[in-house]
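Let's walk through a few packing details together, one question at a time. Have a look at the model first.

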Amino acid sequence: MEDSKALMATAQAATGLTDFGDDGFREGLERLVDALNAEARLNAAGDHALRDRILLHLRQRLMVEDWYRRHPEIDDEAITAPLFGVSLPRTGSSALSYLLASDPQVRYLRVWESAQPCPPPSTVAGPDPRRGVAASATDERLRGGNRTPTGIDGAMECQDLMALDFRSQIFQAFAQVPSYSEWLLDADHAGTYRYEKRVLKLLQWGEAGDRPARPWRLKAPTHMLYLDALDAAFPDARFVMTHRDPTDVMLSVATVYAQIIGTFSDHVDHAYIGDLNVRCWSEAMTRAIAFREAGNDHRFFDIHFRAMQEDPVREVRHLYAWLGEEVSPPFAEAMAQWWASNGAADRMAKPDDTRFGLEPGAVRARFADYLARMDRWTPRAQAA
């Protein structure tokens, strides 16, 4: 595909807009495009899909800035006490986010607006044309797969909002880009979270009228890597953390990566994917532990996978009690209905091969500090 400057020019020509806002996104974009061209070994479908995805984010960024230019009052919106799900992937965190989205009193990131936040939903009259429509060629190729949330208005992770700054793990799940992944691990995400907050303000703008804005429920495993930067942008944030033995997690998440990458490349390196995920998520947990133990432990609520499987509504009631909020009867009923139709089965992939090089003992050793704390953080599960 073209270099980053040519892609930016293409997005400008398509929208008739020129202002991308703060230039901090350029480094991630350049590193990503260079890695896709030099390392990813994309097939024809992958080259088309990833190029289309990059252009989508560039066009949306131009539109975000244009909405702010025409309506500077958007910046007056307040994002108050958001709740972030921060956990290892494949621990039931997605199921929890779908359950929380059942609460009519909260705001969550809907799948159709996550990749296309513009125009602000409050400005669209009638049915929103984004609902149920693939945002890009990547989504079209993966339709019905692991990235698709349950339902047309399903809850989505923050990855697409982070991708507007081109610092998002979504790209390493799409393609093998080792130089980009290595850079991303320690990249400064202060601007990424400032921009996510900028987009959240735009999404909620005009929705509440004279009423207080609904509290946000957000989620992405990636946040564990960058909690200090997230905290700087959202200093009143609280966190819910789901837990599961990492030996039950790493093989599953590596399998998901391989399935997605295999859609866009004919050369999938399973050993690389296994190592990438163990390195990434063990480092994420190390940083999350350090953040919690630096005076932030009281901002976390913990739920074990087993407890969620036994009684998800009970666990959400405990979470809401911790938040100082009530679970209304309609909310409880909506959760029970969702769980009965979608969440009762454990849908984690359970491959039976060793292609990823993930020896259980070695994985447990990389997560030893986490395992030493997990039982203490989830006493209800241990008592069950």
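Phe331 has a relative accessible area of 0%, so Phe331 is buried (under 20%; exposed is over 50%, partly exposed in between, with a 1.4 Å probe and protein chains only). This is a predicted model, where local features need pLDDT of at least 70, side-chain atom pairs count only at pLDDT 80 or more, and totals for chains, interfaces and linings use all residues. Residues are numbered from 1 along each chain as its sequence is written, and side-chain values use heavy atoms, leaving out hydrogens and water.

Q: Is Tyr320 buried or exposed?
A: Let's go by its accessibility. Tyr320 has a relative accessible area of 1%. Tyr320 is therefore buried.

Q: Which term describes the aromatic pair of Tyr320 and Phe331: stacked, edge-to-face or tilted?
A: Rings of Phe, Tyr and Trp (its six-membered ring) pair if their centres lie within 6.5 Å, and planes under 30 degrees apart count as stacked, over 60 as edge-to-face and the rest as tilted. Tyr320 and Phe331 sit 5.2 Å centre to centre with 50° between the planes, so the pair is tilted.

Q: Which residues does Asn277 touch, not counting residues up to four places away in sequence?
A: Asn277 is buried, with a relative accessible area of 2%. Taking contact as heavy atoms within 4.5 Å, Asn277 touches Met250, Val253, Ala254, Tyr257 and Ser282.

Q: Which residues form one aromatic cluster?
A: Two members, Tyr180 and Trp183, form a tilted pair, 5.6 Å centre to centre with 45° between the planes. The cluster is formed by Phe20, Phe25, Phe166, Phe171, Tyr180 and Trp183.
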